[in-house]
Amino acid sequence: RSCGGSCRFEKQSTAHSPIVMRRFFADNFIKRMCAVMSYVPTPQQAHEILEKYNKEPFHLAHGETVAGVMGVFARKYDPENVAFWQSVGMLHDIDFELYPEEHCAKCVELLRSHDIDEGIIRSIVNHGYGRLDWVTVKPELQMEKILFATDELFGLIGACAMVRPSK
């Protein structure tokens, strides 16, 4: 069979052999699966996703600040994955404004609806470990531990700034 020169395999031979056709369909299947699988958003894309669920300036600023701090640590400890760390920081409280009683639980549904990478989802969920009863996934990766600490410190520093704004 011939496709009349309309595909890349026609240039290789005048007829599609079974082996070539199997490879063609396997390649296309993998491409289709990758197209629907999860992805790691850029920090800008993460910010746009955050804005869909958060309108309060404080929550947006919190995401931006944590993303910035995560970027600093990533440049030191994991320079090949700075955008990943920043996106985790940006999205870590995506569910807090709309679903404060389901924080770190509702985010799974929200992030999966955007096909966000499961590694990002796991890291975001476990930043509530030890504070929220339903979070049973312990931060284990260095990035997850840094997110946990950064979020806690941001809360402490923010509270101090509110009490003593002149300092």
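Select Cys104 to begin: Cys104 is buried, with a relative accessible area of 3%; buried means under 20% relative accessible area, exposed over 50%, and partly exposed in between, with a 1.4 Å probe and protein chains only. The model is predicted, so local features need pLDDT of at least 70 and side-chain atom pairs count only at pLDDT 80 or more, while totals for chains, interfaces and linings use all residues. Residues are numbered from 1 along each chain as its sequence is written, and side-chain values use heavy atoms, with hydrogens and water left out.

**Two cysteines**

Cys104 is found in the loop between H4 and H5; helices are DSSP runs of H or I with at least four residues, strands are runs of E with at least two, and both are numbered from the N terminus. Colour the backbone by phi at this position: Cys104 has a positive phi of about 70°, although it is not a glycine. Most residues other than glycine have a negative phi.

How far away is the nearest cysteine sulfur to that of Cys104? The sulfur of Cys107 is 5.6 Å away, and Cys104 is in no disulfide, a disulfide being a pair of cysteine sulfur atoms within 2.5 Å. Cys107 is likewise in no disulfide, and the structure holds zero disulfides. At 0% relative accessibility, Cys107 counts as buried.

**His103**

His103 is buried, with a relative accessible area of 8%. Display side chains and draw a distance from His103 to His127: a polar contact of 3.4 Å joins the two side chains. A polar contact is a pair of N or O atoms within 3.5 Å; within protein, one must be able to donate a hydrogen and the other to accept it, and residues adjacent in sequence count only if both atoms are side-chain atoms.

Not counting residues up to four places away in sequence, His103 touches His92, Asp93, Asp95, Phe96, His127, Leu132 and Trp134, where contact means heavy atoms within 4.5 Å.

**The largest nonpolar core**

Now select Leu91, Ile94 and Leu111. Among the 30 residues of the largest nonpolar core, these three touch the most other members. A nonpolar core is a set of buried Ala, Val, Leu, Ile, Met, Phe, Trp, Tyr and Cys residues joined through side-chain atoms within 4.5 Å. Which elements give two or more residues to this core? They are helix H2 (43-53), helix H3 (57-77), helix H4 (82-91), helix H5 (106-112), helix H6 (118-125) and helix H7 (142-163). H4 supplies the largest share, six residues.

Centre the view on Leu91. With its neighbours within four places in sequence left aside, Leu91 is in contact with Pro41, Ala46, Ile49, Leu50, Leu111 and Ile124.

**Salt bridges**

Switch to charged side chains. The structure holds four salt bridges, each defined as a side-chain nitrogen of Lys or Arg within 4 Å of a carboxyl oxygen of Asp or Glu.

Select Arg122, which at 31% relative accessibility counts as partly exposed. Arg122 forms a salt bridge with Glu144, the closest N and O atoms being 2.5 Å apart. Arg122 lies in helix H6 and Glu144 in helix H7, so this pair ties together parts that are 22 residues apart in sequence. Is Glu144 buried or exposed? Glu144 is buried, with a relative accessible area of 1%. Salt bridges that share partners join Arg122, Glu140 and Glu144 into one network.

Then pick Glu140, which is exposed, with a relative accessible area of 54%. The closest N and O atoms of its salt bridge with Arg122 are 3.9 Å apart. This pair links distant parts of the chain, 18 residues apart, with Glu140 in the loop between H6 and H7 and Arg122 in helix H6.

A further pair to select is Arg112 and Glu118, which form a salt bridge with closest N and O atoms 2.9 Å apart. Arg112 is partly exposed at 45% relative accessible area, and Glu118 is partly exposed at 39%.

**Last stop: Asp115**

Finish at Asp115, placed in the loop between H5 and H6. Asp115 has a positive phi of about 60°, although it is not a glycine, and is partly exposed, with a relative accessible area of 39%.
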